[in-house]
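Happy to walk through this one with you.

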Amino acid sequence: MMTTFPGTKTYLQQVPRSRGKMIVLAIAECSKDISSMMVTLAPQAYQLRIDPCNFKLLCHCIFVTLAARMGDEFNPVSPAAMDKYLSVFAALLAEKYR
């Protein structure tokens with residue numbers, strides 16, 4: 001993410017890898033029960049304390065990484081579902097941050 005979007009270095013260099021891992025684990029946890037997404041995200045949003053616009057960039061990077069790694073398994077249905085899910089994720093994370 002910092003290579004593709006160099007402006008995020010200002011905010012994200014202060015984020016330890018353990019917090020980045022927390023966000024990825026929160027994404028996985030939220031996918032199990034989307035109705036609990038706001039409860040799951042509240043602690044991560046508060047602890048990160050980074051510019052909320054970077055949440056959307058993070059989701060974009062996750063989306064591109066999944067597409068690259070999944071290859072043919074990333075069929076026409078997958079991008080639409082993943083984009084919708086990550087958009088909601090980024091919006092809720094930004095909302096909880098405020």
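**Labels and the values behind them**

Q: Why is E95 called partly exposed?
A: E95 has a relative accessible area of 46%. Buried means under 20%, exposed over 50%, and partly exposed in between, with a 1.4 Å probe and protein chains only. The value of 46% therefore makes E95 partly exposed. This residue sits in helix α5, and its C-alpha is 8.3 Å from that of P52, 43 residues away in sequence.

Q: What should I keep in mind about the model and its numbering?
A: This is a predicted model, in which local features need pLDDT of at least 70 and side-chain atom pairs count only at pLDDT 80 or more, while totals for chains, interfaces and linings use all residues. Residues are numbered from 1 along each chain as its sequence is written, and side-chain values use heavy atoms, with hydrogens and water left out.

Q: What makes A90 count as buried?
A: The relative accessibility of A90 is 10%, so A90 counts as buried. A90 belongs to helix α5.

Q: Which residues is A90 in contact with, leaving aside its neighbours within four places in sequence?
A: They are F55, K56 and C59; contact means heavy atoms within 4.5 Å. For C59, 31 residues apart from A90 along the chain, the C-alpha separation is 6.7 Å.

Q: How many helices and strands are there in the chain?
A: There are 5 helices and 0 strands, running α-α-α-α-α from the N terminus. Both kinds of element are DSSP runs numbered from the N terminus: helices are H or I with at least four residues, strands E with at least two.

Q: How do you know that the span of α4 agrees with its number of residues?
A: The expected span is 1.5 Å times one less than the number of residues. For the 18 residues of α4 (53–70) that gives 26 Å, and the end C-alpha atoms are 26 Å apart, so the two agree.

Q: Why are the buried residues of α4 said to be on the same side?
A: The buried residues are N54, F55, C59, C61 and I62. They cover an arc of only 160° around the axis, which puts them on the same side of α4; the arc is that of the directions from the helix axis to the C-beta atoms. Exposed K56 and A68 are on the face turned away from the buried side.

Q: What follows α4?
A: G71 does, with a positive phi near 60°.

Q: Which helix gives the most to the lining of the second largest pocket?
A: α5 does, with 6 residues, and both α4 and α5 (77–97) supply at least two. The lining includes F55, K56, C59 and A90.

Q: What share of the 98 residues in the chain is buried?
A: Buried residues make up 28%.

Definitions and conventions: On a 1 Å grid over the protein atoms alone, a cavity is a set of points where a 1.4 Å probe fits but cannot get out, and a pocket is an open set with protein on both sides within 12 Å along at least five of seven lines; lining residues have an atom within 4 Å of a point.
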